[in-house]
Protein chains: 4
Amino acid sequence: MLEQLKQQVYEANMLLPKYNLVVMTWGNVSGIDRESGLVVIKPSGVEYSKLRPNMMTVVDLDGNIVEGDLRPSSDTPTHIELYKAFKTIGGVTHTHSSKATAWAQAGKGIPAFGTTHADNFDGEIPCTRKMTQKEIVTEYEKNTGLVIIETLSGKNPERMPAVLVHSHGPFTWGKDAVQSVEESLVLENVAMLALDKVLLNNISGSCYNPMQEELLRKHFDRKHGPNAYYGQ
Amino acid sequence: MLEQLKQQVYEANMLLPKYNLVVMTWGNVSGIDRESGLVVIKPSGVEYSKLRPNMMTVVDLDGNIVEGDLRPSSDTPTHIELYKAFKTIGGVTHTHSSKATAWAQAGKGIPAFGTTHADNFDGEIPCTRKMTQKEIVTEYEKNTGLVIIETLSGKNPERMPAVLVHSHGPFTWGKDAVQSVEESLVLENVAMLALDKVLLNNISGSCYNPMQEELLRKHFDRKHGPNAYYGQ
Amino acid sequence: MLEQLKQQVYEANMLLPKYNLVVMTWGNVSGIDRESGLVVIKPSGVEYSKLRPNMMTVVDLDGNIVEGDLRPSSDTPTHIELYKAFKTIGGVTHTHSSKATAWAQAGKGIPAFGTTHADNFDGEIPCTRKMTQKEIVTEYEKNTGLVIIETLSGKNPERMPAVLVHSHGPFTWGKDAVQSVEESLVLENVAMLALDKVLLNNISGSCYNPMQEELLRKHFDRKHGPNAYYGQ
Amino acid sequence: MLEQLKQQVYEANMLLPKYNLVVMTWGNVSGIDRESGLVVIKPSGVEYSKLRPNMMTVVDLDGNIVEGDLRPSSDTPTHIELYKAFKTIGGVTHTHSSKATAWAQAGKGIPAFGTTHADNFDGEIPCTRKMTQKEIVTEYEKNTGLVIIETLSGKNPERMPAVLVHSHGPFTWGKDAVQSVEESLVLENVAMLALDKVLLNNISGSCYNPMQEELLRKHFDRKHGPNAYYGQ
């Protein structure tokens, strides 16, 4: 069943190692068939090099396994909550990508610092609050979804297709599985740019003193001046 | 028309993913035929792996599409302003490359810190002022070009082939499309070196205390001393 | 003898360059046959591209070479101490991987900052104390093993499969040689995330001020708004 | 003439892009035939992909071109000074590798922080003083060599095979051309480790507070505890 969606979700999952968003078996992508209300998701703990379209697991929105020999990703209840709350999305991606996860571990949303961010996210990419002990102990993965939804409360998930889960990492979504991966890729780039930006702004002014003028002159002129002798 | 220039501009665009200066469809390169006053530029939003020379769009210096089935890059009006103001340049590149964009987001020009910089740029690579609300709301992409030109005012664009646009990213130029990409590559390297340089200078002195002398002795001598036993 | 284990230890060693955990001839992996008490380990100073399964050296738990034409890794006495103290492990890996080694050089254990860490390590990954001059001068490699064991004292090595040796780098272990390399890979990722996390938390609040609202609006809306004109 | 040395110097130069120590045409490696006193060096400004063994230039220790159609590297006078002062070396490498160059731009030597450093360098890798205006204006490349030699004064170049030139970048040397490149590779790694080390030590203690204990418990136990349900 849902062979086409399985193929698409498989291909979306394979973008994760291609885009360097995961190591080992980390990360997972799902897609939903809104008509039947069935979700296709990566199986848990399988190496990407061994993944095949027919290994994708099918679950319903109550979390029951409808088809598949392998256990679905442990994060499946999180994906399900997002599909239930965000009616217009068709795909969800979870990674521990390097820079986005660093922001999540710092417990900080990523402010909009530039147009790369603004091209994709309508404002600060929020970080959830810490989950309570109760939320962690019981139905942890489902509650992870709920705290994401709480964090987005009042915002349009199509205009803010990403949330950082505190001390954990990013979840992203899109109109289908492939687009949800692309949001993860853009998020990772935005997180990288933002880290370097705050590092630069935190540095004291005297560190920005330039080199000797005479050395600048020498190097520019030996290559570009009237008596240039650098290069063939 | 302009088949040779299209081929060259195509090849210059393909250097962007090769040099890791872009992800997704980001970035664009153009070249100008000064005789006819026509600009060849990458189409908007096309994946690099699907780009072909005959997809390049031809526009005139008023921004009219002269040839091409695809819409030219959204940044075309910026390129056009640069060609109009800087009469000696033949190619323009725009990227959101990681380190140069971080400096742009920090709102800081990159001071000349070393000879890698001085080999290519005659002084600080400037960052524009923030654009005004009016400049942003109306003819934004054209005004982006104008604020770059204002920033370079009084400088020779051949000696300073790059500007960072505040909260945005770099534009570079050169005698042709390929050289404008090479300027982006050098800029990205210079931006990376400069970031690490200011980080180092900002660190307090006590962090530079060396390791134990006895451990240094042991490791150097077990490999290079008279009784070395490390390696075959 | 032990041809199967040699093959496995060979393959585990070859994962080190594959996972970018080593440069040159750095790093070494071993595996133990608990029945015979024999350890198979990479020879010292051989390039990975020239390594073959039959070059693996076999030593006993007293450090005697039982088979092999090449000298075993200089770190063999460290591996042996770990096998003697941690009865349930089957493989040991040593690297100078970039981020884990930076923490070791800083003399700092890696606190548990997020779920990537918690998925693999039951708490802070400890850093040893500095070794004494006496420990360094005599039987240095054996004493390196002993200070790792001292550092883990009271902890289950299966729940904490890594230690950073002060001013040196990480040792990891697992149920076999391959798993010990995977622990090194996870450790390196965890160390990278942790470095960026502490950098972010150390930055003063004003550096997190967002970009101009009008520029955010312009860029988001030109791509996603009702009058979007970005992309095809 | 010197065909074997040309081949070796060619291969050593090709290691620079392989090891990611250079971009564009940057960097150069030379080797010396001590018997004839002739130096073989990369030509200036040639792309690595177009480099061939027979393009290598031969110069004598007075800087005269003895063989070759292409101009030798602009840094040839620096190489020559090093060969004249350090009688036991056979190869010299110059790069603008990322992390070593950042230390040079910061004007700081790299202290010995750990065993990766100590395995190769007998103490702090020194950074030269700034060159004087006079040294820069006249015979700049020769004076670059002299300031390196001054900086190493009293030290054995075999025990300290690298110097950082202030606001410029590293020069390294070894018994032959290939070994001098390997020293550059090790230096780049050591510089990277050292940067991250001082960053970590500069961060205030409160940034090292760990995550919630309950979240650590949950994640470790769902994968490794008695009721583990993570993975297949």
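Because the model is predicted, local features are reported only at pLDDT of at least 70 and side-chain atom pairs only at pLDDT 80 or more, whereas totals for chains, interfaces and linings use all residues. Residues are numbered from 1 along each chain as its sequence is written, chains are lettered from A and ligands numbered from 1 in the order in which they are written, and side-chain values use heavy atoms, with hydrogens and water left out.

The arrangement of the chains comes first. Chain A is superposed on chain C by a rotation of 90° with 0.0 Å of shift along the axis, at an RMSD of 0.0 Å; such superpositions are made by least squares on the C-alpha atoms of residues with pLDDT of at least 70 in both copies. This is therefore the relation of a four-fold axis. In chain A, the C-alpha nearest that axis belongs to A:L199, at 5.5 Å. For chains A and D, a rotation of 180° with 0.0 Å of shift along its axis gives an RMSD of 0.0 Å, which is the relation of a two-fold axis. Here both copies use the same surface, as 100% of the contact residues of chain A recur in chain D, contact meaning heavy atoms within 4.5 Å.

Turning to the interface between chains A and C, 33 residues of chain A are in contact with 34 residues of chain C. The size of an interface is often given as the accessible area lost when the parts come together. Between chain A and chain C the buried area is about 3000 Å², with carbon and sulfur atoms giving 63% of it; buried area is the accessible area (1.4 Å probe) that two parts lose on being put together, summed over both. On the chain A side, A:M24, A:Q105 and A:D119 supply 20% of the area buried against chain C, more than any other three residues.

Helix α7 (residues 177-201) of chain B and helix α3 (residues 98-106) of chain D have axes that come within 8 Å and cross at roughly 50°. Helices (H or I, at least four residues) and strands (E, at least two) are DSSP runs, numbered from the N terminus, and axes are lines fitted to C-alpha atoms, for helices over the stretch in contact, with angles running from 0 to 180 degrees between N-to-C directions. The angle makes α7(B) oblique to α3(D), since angles under 35 degrees count as roughly parallel, over 145 as roughly antiparallel, 65 to 115 as roughly perpendicular and the rest as oblique. Among the residues making this contact are B:M192, B:L193 and B:K197 of α7(B), together with D:W103 and D:Q105 of α3(D). The contact residues divide into 7 nonpolar, 4 polar and 3 charged; Ala, Val, Leu, Ile, Met, Phe, Trp, Tyr, Cys and Pro count as nonpolar, Asp, Glu, Lys and Arg as charged, and the others, Gly among them, as polar.

Helix α7(B) also packs within its own chain. The axes of helix α1 (residues 3-18) of chain B and α7(B) come within 8 Å and cross at roughly 15°, so α1(B) is roughly parallel to α7(B). In this contact, B:Q8, B:V9, B:A12, B:L15 and B:L16 of α1(B) meet B:A177, B:V178 and B:V181 of α7(B). The residues involved divide into 7 nonpolar, 1 polar and no charged.
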